[in-house]
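My notes follow the order in which I checked things.

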Amino acid sequence: MTNEEHNRMLGIMHLAYGGLHGLIMLLIAVLFAVFVPVVSDGVGTRDGMPLTIYAIFLTLISLAALFYAVPSLVAGYALLKRKPWARLAGIIASVLAGMNVPLGTALCVYSLWFFFGQGAGLYEPASLSSTKNPYALPEASSRPASSFDRRSREQAEGEPLRPSQMPNWRD
């Protein structure tokens with residue numbers, strides 16, 4: 001497979017993984033909304049579960065599902081649209097997905113293998129890949145050493161250059 005095909009496959013897998021977590025969150029919300037009041041003899045009644053505990057528990061479960069779903073959905077979208085920040089989003093989403101065994105772990109391993117391996121060059125900024133390294137040594141001149149320009153020869157034969165004076169910052 002090429003890097004573009006791996007990228008597309010990862011985008012689809014992240015969207016599917018995020019969608020799966022969203023679906024699980026929806027099913028749990030339906031479960032709590034329908035079955036818990038029936039089983040517990042009515043939420044908020046004297047004999048049933050207190051309404052605040054019910055709301056807190058449902059909120060915590062929803063936040064936990066969103067914690068896993070949203071990063072994968074964002075990464076999947078970014079990977080499919082080839083956004084410049086897709087690699088970072090994919091790494092974050094795959095690390096979070098790695099906590100869920102076995103599907104999340106498999107997605108994590110595949111994503112990290114791609115992002116830190118052959119797919120790393122797919123998301124390099126264009127400005128870094130097209131310009132020279134600013135810290136590289138200058139290339140050697142193609143002219144022989146005896147063909148300096150006139151000013152350089154005069155400076156080499158004449159007086160040595162004076163060091164520049166440091167500015168006085170106290171004034």
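**Entry 1: H2 against H3**

I started with helix H2 (residues 51-81) and helix H3 (residues 86-97), whose axes come within 8 Å and cross at roughly 150°. H2 is therefore roughly antiparallel to H3. For the labels, angles under 35 degrees are roughly parallel, over 145 roughly antiparallel, 65 to 115 roughly perpendicular, and the rest oblique. The axes are lines fitted to C-alpha atoms, for helices over the stretch in contact, and the angles run from 0 to 180 degrees between N-to-C directions. H2 passes H3 in a left-handed crossing. Left-handed means that the near helix is turned anticlockwise from the far one by less than a right angle; clockwise would be right-handed.

I then listed the contact residues, with contact meaning heavy atoms within 4.5 Å. H2 contributes Phe67, Tyr68, Pro71, Ser72, Ala75, Ala78 and Leu79. From H3 come Ala86, Ala89, Gly90, Ala93 and Leu96. By class, ten are nonpolar, two are polar and none is charged. Here Ala, Val, Leu, Ile, Met, Phe, Trp, Tyr, Cys and Pro count as nonpolar, Asp, Glu, Lys and Arg as charged, and the others, Gly among them, as polar.

**Entry 2: ground rules**

The model is predicted: local features need pLDDT of at least 70, side-chain atom pairs count only at pLDDT 80 or more, and totals for chains, interfaces and linings use all residues. Residues are numbered from 1 along each chain as its sequence is written, and side-chain values use heavy atoms, with hydrogens and water left out.

**Entry 3: the whole chain**

I counted six helices and zero strands. Along the sequence the pattern reads α-α-α-α-α-α. Helices (H or I, at least four residues) and strands (E, at least two) are DSSP runs, numbered from the N terminus.

How much of the chain is buried? Of its 171 residues, 24% count as buried. Buried means under 20% relative accessible area, exposed over 50%, and partly exposed in between (1.4 Å probe, protein chains only). The chain exposes about 12,800 Å², and carbon and sulfur atoms supply 66% of that.

I also checked contacts between residues at least 6 apart in sequence. Of these, 67% join residues at least 24 apart.

**Entry 4: H3 against H4**

Next I moved to H3 and helix H4 (residues 103-115). Their axes come within 8 Å and cross at roughly 150°. That makes H3 roughly antiparallel to H4. H3 passes H4 in a left-handed crossing. On the H3 side, the contact is made by Ala86, Arg87, Gly90, Ile91, Ser94, Val95 and Ala97. On the H4 side I found Gly104, Thr105, Leu107, Cys108, Ser111, Leu112 and Phe115. This contact has eight nonpolar, five polar and one charged residues.

I took a second look at Ser94 in helix H3. Is Ser94 buried or exposed? Ser94 counts as buried because its relative accessibility is 0%. Beyond its neighbours within four places in sequence, Ser94 is in contact with His14, Cys108, Ser111 and Leu112.

Leu15 sits in helix H1 (residues 3-39). Its relative accessibility is 31%, so Leu15 counts as partly exposed. Not counting residues up to four places away in sequence, Leu15 touches Ser72, Leu73, Gly76, Tyr77 and Leu80. Leu15 and Ala75 are 60 residues apart in sequence but 7.7 Å apart in space, C-alpha to C-alpha.

From there I went to Gly76, in helix H2. Gly76 is buried, with a relative accessible area of 0%. Leaving aside neighbours within four places in sequence, Gly76 is in contact with Gly11, His14 and Leu15. Gly76 and Ala86 are ten residues apart in sequence and 8.3 Å apart in space, C-alpha to C-alpha.

**Entry 5: the loops**

I checked Arg82, in the loop between H2 and H3. Arg82 has a positive phi of about 55° although it is not a glycine. Arg82 is partly exposed, at 41% relative accessible area.

The loop between H3 and H4 holds Met99 and Pro102. Met99 is partly exposed at 49% relative accessibility.

Which peptide bond is cis? The bond from Val101 to Pro102 is, with omega near -5°.

Definitions and conventions
Accessible areas come from the Shrake-Rupley method with a 1.4 Å probe; for residues, only the protein chains shown count as cover.
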